Amino acid sequence: RETAAEVVLTARTRRGIDLSSLRLDAREASLDLEVDGIPSPWSGALCGRALPAGCSAAVLPPAQGCEADHSLLQLTVAKADEGPSARYWRAPFRDLLPLVEARERLAEHAPRGSLLHTPDSGWQSGQTSDVFEVLMPLSADVSTVEDADRLLRVAVTARSVSVHVAGQPDAPLLAGETHGKLLVGGCSWRLARSKVRGWRGEPLQQLELHLAKDTASAGPGGHWPDLFSTEYS
């Protein structure tokens with residue numbers, strides 16, 4: 001997961017591991033994480049400048065009620081660049097860029113909007129005083145989180161939102177400058193079961209964007225006239 005402020009990686013690890021088994025050495029241009037004294041795959045030159053003091057490694061327990069035979073290892077890389085100099089890294093480590101580019105090339109030939117179940121209406125949204133929610137029904141090609149990671153790119157900054165097919169940043173499914181400021185750290189996305197069904201009656205997934213408003217700049221009652229002040233297509 002990547003936001004304007006950080007890159008977060010999560011992977012399975014052996015159950016029962018604790019923080020004492022981890023050693024994180026974060027620098028501005030590179031990062032190394034060791035587990036039980038052994039270098040992990042999360043090591044090497046970074047794709048952007050990091051803020052070492054903001055980088056961290058954590059061990060997460062399995063979801064509540066889940067009897068999983070593993071724990072989750074989470075690495076957070078804090079970005080040093082903010083404002084106009086901030087950019088999308090695409091991958092945390094330079095060694096991973098060829099893999100990301102190869103995956104994007106596979107998706108480049110997908111027609112714009114082919115991943116949407118309803119390309120004409122596209123997406124729906126609603127808001128409360130502190131959150132804007134966006135729902136985007138997806139085609140049967142996107143049925144798992146792995147599919148979404150491979151085929152979709154979601155980017156959020158304090159003043160913009162963009163969702164596009166991997167390899168097609170100039171043809172967004174959803175993009176624009178927001179009416180107000182967003183709290184990037186409070187924004188997230190997930191896949192969830194949609195009420196919409198495919199032409200064969202199969203259940204479909206939808207992309208759900210949770211966009212946290214900066215209520216201090218949201219206006220009376222926190223209400224925005226719309227999600228976007230300027231929408232890109």
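Predicted model: local features only at pLDDT ≥ 70, side-chain atom pairs only at ≥ 80, totals over all residues.
Local features need pLDDT of at least 70, side-chain atom pairs count only at pLDDT 80 or more, and totals for chains, interfaces and linings use all residues. Residues are numbered from 1 along each chain as its sequence is written, and side-chain values use heavy atoms, leaving out hydrogens and water.

**Sheet**

- The open sheet has 4 strands in the order S9-S10-S11-S14, with antiparallel pairing. Strands are DSSP runs (E, at least two residues), numbered from the N terminus; two of them pair if DSSP finds at least two bridges between them.
- Strand S9 (152-157) and strand S14 (228-231) are the edge strands, each pairing on one side only.
- From one strand to the next, the twist averages 20 degrees.
- Strand S10 (residues 160-165) pairs with strand S11 (residues 174-178) in the antiparallel sense over 4 bridges.
- Serine 160 stands opposite glutamate 177 in S11.

**Aromatic pairs**

- The count is 2 aromatic pairs. Rings of Phe, Tyr and Trp (its six-membered ring) pair with centres within 6.5 Å; planes under 30 degrees apart are stacked, over 60 edge-to-face, the rest tilted.
- Tryptophan 123 and phenylalanine 228 pair edge-to-face, at 6.0 Å centre to centre and 80 degrees between the planes. They lie 105 residues apart, with phenylalanine 228 in strand S14.
- Phenylalanine 132 and tryptophan 224 form a tilted pair, at 5.7 Å and 40 degrees. They lie 92 residues apart, with phenylalanine 132 in strand S8 (residues 131-137).

**Burial**

- Tryptophan 123 and phenylalanine 228 are both buried (under 20% relative accessible area, with a 1.4 Å probe and protein chains only; exposed is over 50%, partly exposed in between).
- Phenylalanine 132 counts as buried because its relative accessibility is 3%.
- Tryptophan 224 is buried, at 1% relative accessible area.

Technical notes:
Axes fitted to C-alpha atoms, helices over the stretch in contact; angles between N-to-C directions.
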